[in-house]
Amino acid sequence: MLGVLSTKQEFLFPDTPLAPLPAALRVVSAQNGKAGVQIMLSCAAGSAGVSVSGDGFDAALYELVDVPVEYNTGDGVNQGGAMVILPEHCPSYAIRRAPFRVYDCLRPLDGCNVPARNGRACAYLTLAPKADTPSGEHTLELTLRAGGETHVCRVTFVVYPISFDEDLFETTNWFSVRAMEQMHGVTLGTKEFEDVVRAYARSMRSVHQKVFLLWMHEDLSERRTEKPYRFDFEDMAPIIRIFFEEGFDTFETGGIIFHGYRPDGTQDMFTADLKCRANPAVSVDSDEGYELLCCEMQAFADFLTRHGWMDRVLFHVMDEPDVHYETDAVLQARRVQFMLAANIVRRYLPGVRIIEAVKTTQMRGGVDIMVPITDSYEHNKPAFDAAIARGDEVWTYVCCAPEGKWLNRFLDSPLANGRLLFWGCAKYGMRGYLHWGYNQFGGVPHPFEATSARNWTGIGTSFPCGDAFIVYPGERGPWPSMRLESERMGAQEACLLRALEKKDPQAHDALIAQVFTSFDAYDNDPDRLNAVHEELLRLLAE
């Protein structure tokens, strides 16, 4: 039988060459881990069958769905602000020259039949040890049927006698309620709405995310931002409750000040005059701004207290307060306004941790968790390392940048790059990872037809393909992606590496050095990653 049967973390394409299938596969995992196999079979019509026999494992089957990649990502240097490009030749850092199609979306299947499309049946199979499955070597049989042929593959699954602690590393991908409503046609206050929210929450927990974002300004809450001020956040409560019920432990929120708007409606990204998010006409450092922020935070504190959530909050004052500015005077003006707002937050939410995406350490003192983008960390490494050494908490993030050879999770990047981001966090002592684009479909109204999001900031061209989302809108909730699977593996490995660091710091450093030097220098060979993953499990099991 011709096809592809692979445990490698690398993208498949509609024209991936087919070859005779292997007779055996070997996969490994921690006791609470999961392994994945990509399957592509020659199948002229109808469907292909995929089944697994053997005890002790939970299996889940997905159809691999191909999506378009309209553009290549720029290299961040030579395109003069163009985040997406149509080059004459494939860039050295991309998997293919755009436009092309790639298998990223995973559509859950109820049975064992995979539809044939354009002469091929494409699937992704996950296998996870059950809670009572003993460690050691297990044998499973993977049976594939297509076009009248049958192929049986012997799968050796090695379960190592260790479990990772997902509390050792934090992950947050930003969830958009508004985008969810638009994509699924559900309305706040209905059972259908709550069912879809729960599906999204479960999808996020499946990749070890325990922090969920819900902005205070998501237009869920009643408010009056002219005197007399009134804020009512109760519409947020049912959503927050669902996430906590699904196993999340931290509510990420805030965003009470921002850049304000230009006359054309785009954000004034380079301004020195920050505005109140609740009323963009009001400057933060005005008397009215002070009163408005105090009233807003007092009402929010009352809301949290009523529900018993005061000690479960991560708070954003302003996203990227030091990222876009043209002079030091602008930066210092912003710093004063940021500190004013941060002090108001701490007055009404005593003990709250403030978290911000930052470029520098200029906001230190006002921020408890600094989250530099990866290239900003590398360029300001001494300052951030000094912050870590004195006990400050540092995470990292990526978004529409950095580009080119820098690790990111774009659709034209090697699939393993999204996984290696977490090895970088482990090397540098970072305790968490943030990304803005979990389901930000606002600029991508039809993600199965186009994956590059419209850029509403007024800076640069459209966002790179796949940047705005890492799940796809399914019938009753989100469909995961191969990129989300790559993140799941990376998050697991970040937890395992943290445990290894505590056990044997030298072994921890030596193992990371095999695949990661910096966020723009690494070895993303899928075979090498499989080897170091098993070595990590072995070192912890010794």
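Predicted model: local features only at pLDDT ≥ 70, side-chain atom pairs only at ≥ 80, totals over all residues.

## Helix α5 and its buried residues

Within helix α5, the buried residues are Val330, Leu331, Arg334, Gln337, Phe338, Met339, Ala341, Ala342, Ile344 and Val345.

Helix α5 itself covers residues 328-348 and has 21 residues. From its first C-alpha to its last, α5 reaches 31 Å, which is close to the 30 Å expected at 1.5 Å a residue.

## The pairing of helices α8 and α9

Helix α8 is formed by residues 416-428 and helix α9 by residues 482-503; their axes come within 8 Å and cross at roughly 20°. Because angles under 35 degrees count as roughly parallel, α8 is described as roughly parallel to α9. The crossing of these two helices, α8 and α9, is right-handed.

On the side of α8, the contact is made by Ala416, Gly418, Arg419, Phe422, Trp423 and Ala426. On the side of α9, Ser486, Glu487, Met489, Gly490, Ala491, Glu493, Ala494 and Leu497 take part.

## Leu539 in helix α11

Leu539 belongs to helix α11, which spans residues 526-541. Its relative accessible area is 13%, so Leu539 is buried, the cut-off for that term being under 20%. When neighbours within four places in sequence are left aside, Leu539 is in contact with Leu500, Lys503, Ala507 and Leu511.

A separation can also be stated for Leu539 and Phe448: they are 91 residues apart in sequence, and their C-alpha atoms are 42 Å apart in space.

## Two further buried residues

Asn279 is located in strand β21, which consists of residues 279-283. With a relative accessibility of 12%, Asn279 counts as buried. Apart from residues up to four places away in sequence, Asn279 touches Thr225, Glu226 and Leu292.

Glu246 is placed in the loop between α3 (237-245) and β18 (250-254). A relative accessible area of 17% makes Glu246 buried. Which residues does Glu246 touch, not counting residues up to four places away in sequence? The residues that Glu246 touches on that basis are Arg198, Ala201, Arg202 and Arg205.

Methods
Residues numbered from 1 in each chain as written. Heavy atoms only, no water. Axes fitted to C-alpha atoms, helices over the stretch in contact; angles between N-to-C directions. Helix = DSSP H or I, 4+ residues; strand = E, 2+ residues; numbered from the N terminus. Parallel < 35°, antiparallel > 145°, perpendicular 65-115°, else oblique. Left-handed = near helix turned anticlockwise from the far one by under 90°. Contact = heavy atoms within 4.5 Å. Buried < 20%, exposed > 50% of the residue type's maximum accessible area, 1.4 Å probe, protein only. Expected span 1.5 Å × (residues − 1).
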